[in-house]
Amino acid sequence: MQGIDFDEAIRLHNTWRRQFMNAFARGSYADMPLSDHQGCMFGYAIAAADDTSRALPQFQALIKAHTRFHALAGEIQELSSNGMADAADLMLPELSDESHRLANLFDELRALQRDARSQGR
């Protein structure tokens, strides 16, 4: 898990999620941070992960949750841009749940990364 700064990943993820949710709360769909969604820096870190990291079940779960999170965000954005804001709003709790799942997985992997570093791996 070399090269992945999980503290920064958690910070960026939480910032993005707050901006996304706040944009919906204000009805300012144009203000949603979708450029960050489309060019997710953590997605690039996942793609660059080594084979040892990729083999971890927690990392596989992280990839799945990350993919699901962005699929939901994209669907919400699509609905809202097609005039279906009410349907988009109904999906926000699911996005929030996936966001929390991601944060928990970030925490698990961060702990594994710290353990590996302390054991010199």
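**View 1. Glu 98 sits in helix α6.** The model shown here is predicted, so to speak of local features a pLDDT of at least 70 is needed, side-chain atom pairs count only at pLDDT 80 or more, and totals for chains, interfaces and linings use all residues. Residues are numbered from 1 along each chain as its sequence is written, and side-chain values use heavy atoms, with hydrogens and water left out. Glu 98 has a relative accessible area of 7% and is therefore buried (buried is under 20% relative accessible area, exposed is over 50%, and partly exposed is in between, with a 1.4 Å probe and protein chains only). Setting aside neighbours within four places in sequence, Glu 98 is in contact with Ala 65, Arg 68, Phe 69 and Leu 72 (contact means heavy atoms within 4.5 Å).

**View 2. Here helix α5 packs with helix α6.** Helix α5 covers residues 57-81 and helix α6 covers residues 85-118; their axes are 9 Å apart, at an angle of about 160 degrees. The axes are lines fitted to C-alpha atoms, for helices over the stretch in contact, and angles run from 0 to 180 degrees between N-to-C directions. This angle makes α5 roughly antiparallel to α6 (over 145 degrees is roughly antiparallel, under 35 roughly parallel, 65 to 115 roughly perpendicular, and the rest oblique). The residues of the contact of α5 with α6 comprise 20 nonpolar, four polar and five charged. In this count Ala, Val, Leu, Ile, Met, Phe, Trp, Tyr, Cys and Pro are nonpolar, Asp, Glu, Lys and Arg are charged, and the others, Gly among them, are polar.

View 3. At 1% relative accessibility, Leu 95 counts as buried. Not counting residues up to four places away in sequence, Leu 95 touches Phe 20, Met 21, Phe 69, Leu 72, Ala 73 and Ile 76. Leu 95 and Leu 72 are 23 residues apart along the chain, yet 6.2 Å separates their C-alpha atoms.

**View 4. The largest nonpolar core has 27 residues.** Phe 20, Phe 42, Leu 62, Ile 76, Leu 95 and Phe 106 have the most contacts inside this core. Two or more residues come from each of α1 (6-26), α3 (41-47), α5 and α6. Such a core is a set of buried Ala, Val, Leu, Ile, Met, Phe, Trp, Tyr and Cys residues joined through side-chain atoms within 4.5 Å.

**View 5. Gln 60 belongs to helix α5.** With a relative accessible area of 40%, Gln 60 is partly exposed. From C-alpha to C-alpha, Gln 60 and Leu 105 are 9.9 Å apart in space and 45 residues apart in sequence.

View 6. Helices (H or I, at least four residues) and strands (E, at least two) are DSSP runs, numbered from the N terminus. Of the 121 residues of the chain, 40% count as buried.
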